[in-house]
Amino acid sequence: MNNLKKGILFAALFSSLFFIGCSHDDEDEDLVGNWIKKSAFDGPARSSATSFVIGDYAYVAAGYTGDVYLKDLWAYNSNGDYWEQKADFAGVGRSSASSFALNGKGYVGLGYDGTNKLKDFYQYDPTSNSWTQKTDFGGTGRYGAVGFQVGGKAYFGTGYDGNYLKDFYQYDDQANTWTLVNGFSGNKRRNATVFVIDTKAYLVTGINNGVYQEDFWEFDPSTDVWTRKRDVDKDTDDDPTYNDEYAIVRANASSFSMNGLGYIVGGESIKTVWEYIPSTDLWTERTPMEGATRSDAVGFAINNRGFYMLGRIGSTYFDDAWEFKPLDAQNDDDN
């Protein structure tokens, strides 16, 4: 009798697991979007690199292999799908640096060299393939900050200098100066991400004192005003009309924008993808990243094509590269 009960219990449990698994697969199958594996990164596998985009090229610099803080620079040709090594970054090797592109030049600064939180700052000229040191960042040395350019103005902000931060500084490339500008009124944080759509920048995710941040901010450089958008948590008490199914909060994620929409990819222990629609302030889940789960990866868009690459899970570091096609059906034969 006892064996019969055990048999019934096992069958019921097996059936439940089977249907749960089917339900999850069905949910994934309902999601739209396809990930295509691209030419692998030619440099060493790494996490916590930084990137900027100029023309048809994305430049990926620095990072950490698990043993070495790197200072190499690589250019990805999005048309030919190949990599070229460029002049090494002029500062010390580092991880978790920040970067932006401004007026045809790339800029890299901040980060961590294994001992120090850094505030030095450098310009890369792709025409001469050379680096020039510029005025140190105006705030404290830090890592895990965000860098972006929007509306012809470039910024570094947030991060960690021993304290979680929420300040923002604007860089003037003509005067080679930094100016403290308005920050947002949310929590301090590090390892957030920013994507730019048209003339606005969007700051989202990150972590503060072990808590993933749920507030979401839009920045208008023409007015220097940060506007709080709808939270990205799944707390149904907040507003069940729009965020019941959201699972967007995370840290160490990557982001990019394409065709007027923003995308968040990956992060710590997750590989889900969410698409932001600025006209409605709503998010849609897309097909998860089809490679390994990872954090501290690099994300960027070139000519409305979104790419995601590198990163790590635990002590395993990656050198693979992927392109995301948000409107295509998932195809397992292209990765």
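A residue counts as buried when its relative accessible area is under 20%. E275 has a relative accessible area of 3%, so E275 is buried. These values come from a predicted model.

**Charged pairs**

Side chains of opposite charge can pair when their charged atoms come close. In this model the count comes to 13 salt bridges.

| Pair | Closest N and O atoms |
|---|---|
| E275 and R286 | 3.1 Å |
| K229 and E218 | 4.0 Å |

E275 forms a salt bridge with R286. E275 lies in strand β22 (residues 273-277) and R286 in strand β23 (residues 282-286), so the pair ties together parts 11 residues apart in sequence. R286 is buried too, with a relative accessible area of 13%.

K229 forms a salt bridge with E218. K229 belongs to strand β19 (residues 225-229) and E218 to strand β18 (residues 216-220), so this pair joins parts 11 residues apart in sequence. Both K229 and E218 are buried.

R94 is buried at 0% relative accessibility. D120 is buried at 12%.

Elsewhere, salt bridges link K38, R305, E323 and K325 in a network.

**A four-stranded sheet**

An open sheet of 4 strands runs in the order β6-β7-β8-β9, with antiparallel pairing. β6 (98-102) and β9 (130-134) each have a single partner strand, so one side of each is left without a neighbour in the sheet. The twist averages 25 degrees from one strand to the next. Strand β8 (residues 121-125) is joined to β9 by 5 bridges. D125 stands opposite S130 in β9.

Key. Residues numbered from 1 in each chain as written. Predicted model: local features only at pLDDT ≥ 70, side-chain atom pairs only at ≥ 80, totals over all residues. Heavy atoms only, no water. Pairing = 2+ DSSP bridges. Helix = DSSP H or I, 4+ residues; strand = E, 2+ residues; numbered from the N terminus. Axes fitted to C-alpha atoms, helices over the stretch in contact; angles between N-to-C directions. Salt bridge = Lys/Arg side-chain N within 4 Å of Asp/Glu carboxyl O. Buried < 20%, exposed > 50% of the residue type's maximum accessible area, 1.4 Å probe, protein only.
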